[in-house]
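Here is a short report on the fold. It covers a sheet, a helix and the nonpolar cores.

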Amino acid sequence: MLKLSRRHLLKTAATLTVLAAAPLAIAPAAAEESVHSVINALIKKYSDEAKAGMSNGDVSALFEKDGFRDYLDVYPVGDLAGGFVWKPGMGASFVGPYSKLQIKSPFTDYLPLAEGPVLDHSKKYRIGLVFHGFNHPWLISLADTAAWEAKRHPNIELEVIDAEFDDNKMGQVIDTWIAKQYDGIVLWPNREAPMGPPVDRAIAAGIPVVSLDRRTSSEQISSEVLGNFYANGLQQGLYLKHAAPEGNIIFNRKDLGSTADSIRTGAFLEAIGNRPGYKVLANYHTNSQRTLAFKSTADALQAFQDISVSFNTGGEEAMGALDAIREANRLNSAPGGKKIMILANDDAREVLKEIRAGNIEMVSPYTPLIGDIGIRAVVMHIGAKAGLNEAPPKLIMTPNLPMITREKMNIEGIETLTPDEWPYAYGPEVAG
């Protein structure tokens, strides 16, 4: 797997320092009490503690081996663009154009565009969205929100292509759009390093490019819509510390070198790194695939009789782990006859069902419902290029979202929400 070089990471860190100094609109005083601010303060606290050293040798060894410090140090943590303050319940409801599922999208009020024609009303604007995974519930939901936003504007023509988890194919799609002189490009990159050169080629051709969720290695990209990966891993660690002072952990992680793995796993390790009672039993890369998470968890269950915790960097991984644990009749096989604790990210409806049932302990939401932000951002960049409006920020952070637990809890100042209080779940409806 490709990873960014230390030199590139340090250069990116310097760039982000300059960007962080750029003035933004002043947020209302209420933002000081927002969950976004609370979580950002905890991110800083645990990052500072980890930098001073981790007393847990197991956790520290994994943290150092995979170079998480390099990734965490350049992943931006800061305020929301334009002083936006998110509150539960915000956003529009609609039926997803591709999934045909009912969607409540949380951030439709963030950097909003009025419905109707955009920019020069006499012109058609061609925008390409390239991503991976029409057959993946998280990713099709991302495409749903992008298509919904595009359809609100009759002079936007949106082409959507699934690169099927092939970095080369995604690069070829971008090159085709460059040759056709598209007005803007939005992408969901699977891994960072391979997508830097195609993005740079588009930017050199004068085409604005916006990435969603994961990063590319391009330093020239127009905007990055970045989610709360840091908040995800941190909250998994905070929940674990709150619920269990010790435990033997197996890891189901996304592909090495991906933003989702680097930041979520790294932040989790930062949060637990100074607790001596945690031990790393097994560490797998399951690449967002339920079947691979099932296999890795089944292998771990064969190898170890004392598993306490299943850490998963995504909802598909968590469901695969749960399936394997159930099949092995090991749900209550943790030391002392306790339940194996399952920690998840991604707020799929089926994950929330398992939280209600007490089978998964917590999920840190990572909503796919951000494609609309990418469309609005690239439209603003197209407009800025024509002198019609100001460009959006290069870094567009999405709000930190609080973890979801079966019962309401307060964990280090984070007020958790229950599944019934969360309207933004994605994926197919499930009974129960």
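Six strands form an open sheet in the order E4-E3-E5-E6-E7-E13, with parallel pairing. Strands are DSSP runs of E with at least two residues, helices are runs of H or I with at least four, and both are numbered from the N terminus. Two strands pair if DSSP finds at least two bridges between them. Strands E4 (156–162) and E13 (395–397) are at the edges with a single partner strand each, so one side of each is left without a neighbour in the sheet. From one strand to the next, the twist averages 15°, with axes fitted to C-alpha atoms and angles running from 0 to 180 degrees between N-to-C directions.

This is a predicted model: local features need pLDDT of at least 70, side-chain atom pairs count only at pLDDT 80 or more, and totals for chains, interfaces and linings use all residues. Residues are numbered from 1 along each chain as its sequence is written, and side-chain values use heavy atoms, without hydrogens and water.

Strands E3 (residues 125–131) and E5 (residues 184–187) run parallel, joined by four bridges. Gly-128 stands opposite Ile-185 in E5.

A nonpolar core is a set of buried Ala, Val, Leu, Ile, Met, Phe, Trp, Tyr and Cys residues joined through side-chain atoms within 4.5 Å. Buried means under 20% relative accessible area (1.4 Å probe, protein chains only).

| Core | Size | Residues include |
|---|---|---|
| Largest | 106 residues | Tyr-110, Leu-240, Trp-422 |
| Second, separate | 16 residues | Val-130, Met-170, Tyr-182, Ile-207 |

Beyond four places in sequence, Leu-240 is in contact with residues including Ile-249, Phe-268 and Met-341. Contact means heavy atoms within 4.5 Å. Helix H8 (residues 229–243) has 13 of its 15 residues buried.

Terms used
Buried means under 20% relative accessible area, exposed over 50%, partly exposed in between (1.4 Å probe, protein chains only).
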